[in-house]
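This report describes selected features of one protein chain. The sequence and structure are shown first.

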Amino acid sequence: MAGGNLSVVLHAKGDLRLENRPIPEPGPNEVLLQMHSVGICGSDVHYWQNGRIGDFVVTKPMVLGHEAAGRVMKVGSEVKHLKVGDRVAIEPGVPREMDELFKNGRYNLSPTIFFCATPPDDGNLCQYYKHSANFCYKLPDNLTFEEGALIEPLSVGIHACRRAGVTLGTTVLICGAGPIGLVCLLVAKAMGASQVVITDLAPERLTMAKELGADFQLTVKRGDTPQQLAESVEEKLGAQPHVTIECSGVESSIQTAIYATRPGGVVALVGVGAEMANIPLIHAALREVDIRGVFRYCNTWPMAVAMLASGKVNVKPLVTHRFPLEQAVQAFETTRQGLGIKVMLKCDQNDQKP
């Protein structure tokens, strides 16, 4: 572990740098990890391009990255379930206090939660990183580090499908076939959804969705009205879907989600767009369509590990680009341009394998 700790640091809007930082020392309940694979999320790019997401503003240099897996290098004195050499997936959200939301099992909503790469908290796009041992999950031998890193976006899909009530026989509309829309598709199918229709502007993303198991793909055209798209969804499925999972955050897409969902159904809002949106709320209310928010995830890593280890879900096709950590700026530019699906950074110079 001689030498520095190469890290990808955002200093301000548009100012992304590679710099050496000290190697951290784990506390009693923490582990020091040698990072292996870290995926680039849309939020990382958003912070880079805009310097903020909503009320979260970059005011001091921040290490990016929160989709991550690595190997245990040091173990804190109180840690019992992990040992040096263990391969782990990292859950990036760690509650700071035992508040009522934590007690209720909804720690993702705790206002004081630590979350990787959300101001002011540093992320893990670096060579060495310390993290709460209770939020590191051992990877079975049949899973790669990249699959471990992809548990983070997969968890968004699990949490969204749980919130939406996807179960055996559910018909599902997914708005948006980016990385999050695609993991929602994988999870919905694994949870028993009978038919899934997915929409997007980009035909190549819909091609990927078809390969991952989508029953119907619907290309959105700029001139389409939400009502027209809702009718097209009904034509594809033969009926309105029980559940719609909205992954774009775009106002017109939220409108489509509400119009498309059958009476008594559920719309789950995953995508984050503008703070204010015009939506047909009374249309939803008169048909008892429930609108449910989705914020990150909680209690999902064990299920995700089981899904991947059993072969029920395959996230490997999502990784379309790989870069060594030293080429982080190029990797971020690739993501910004919307090339491929998931860009993965490799943090261990001696092991660039998946």
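## Annotated region, a helix pair and a loop residue

For the "domain: Enoyl reductase (ER)", an unreviewed entry, UniProt lists residues 14–345. Over residues 14–345, the chain is 30% helix and 26% strand, with the end C-alpha atoms 19 Å apart. Helices (H or I, at least four residues) and strands (E, at least two) are DSSP runs, numbered from the N terminus.

The model is predicted: local features need pLDDT of at least 70, side-chain atom pairs count only at pLDDT 80 or more, and totals for chains, interfaces and linings use all residues. Residues are numbered from 1 along each chain as its sequence is written, and side-chain values use heavy atoms, with hydrogens and water left out.

Helices H5 and H6 pack against each other at an angle of about 20°, and their axes are 10 Å apart. The two helices are therefore roughly parallel (angles under 35 degrees count as such). H5 passes H6 in a right-handed crossing. The residues that meet are tabulated below; contact means heavy atoms within 4.5 Å.

| Helix | Range | Residues in contact |
|---|---|---|
| H5 | residues 179–190 | Pro179, Leu182 and Leu185 |
| H6 | residues 203–211 | Arg205, Met208 and Ala209 |

By class, the contact of H5 with H6 has 5 nonpolar, no polar and 1 charged residues.

Elsewhere, Thr300 lies in the loop between strand E18 (290–293) and helix H10 (301–310). Thr300 counts as buried because its relative accessibility is 0% (buried means under 20% relative accessible area, with a 1.4 Å probe and protein chains only). Not counting residues up to four places away in sequence, Thr300 touches Ser155, Ile158, His159 and Arg162.

Notes:
Axes fitted to C-alpha atoms, helices over the stretch in contact; angles between N-to-C directions. Parallel < 35°, antiparallel > 145°, perpendicular 65-115°, else oblique. Left-handed = near helix turned anticlockwise from the far one by under 90°. Nonpolar A, V, L, I, M, F, W, Y, C, P; charged D, E, K, R; others polar. UniProt positions renumbered as here; feature names shortened; annotations may be inferred. Buried < 20%, exposed > 50% of the residue type's maximum accessible area, 1.4 Å probe, protein only.
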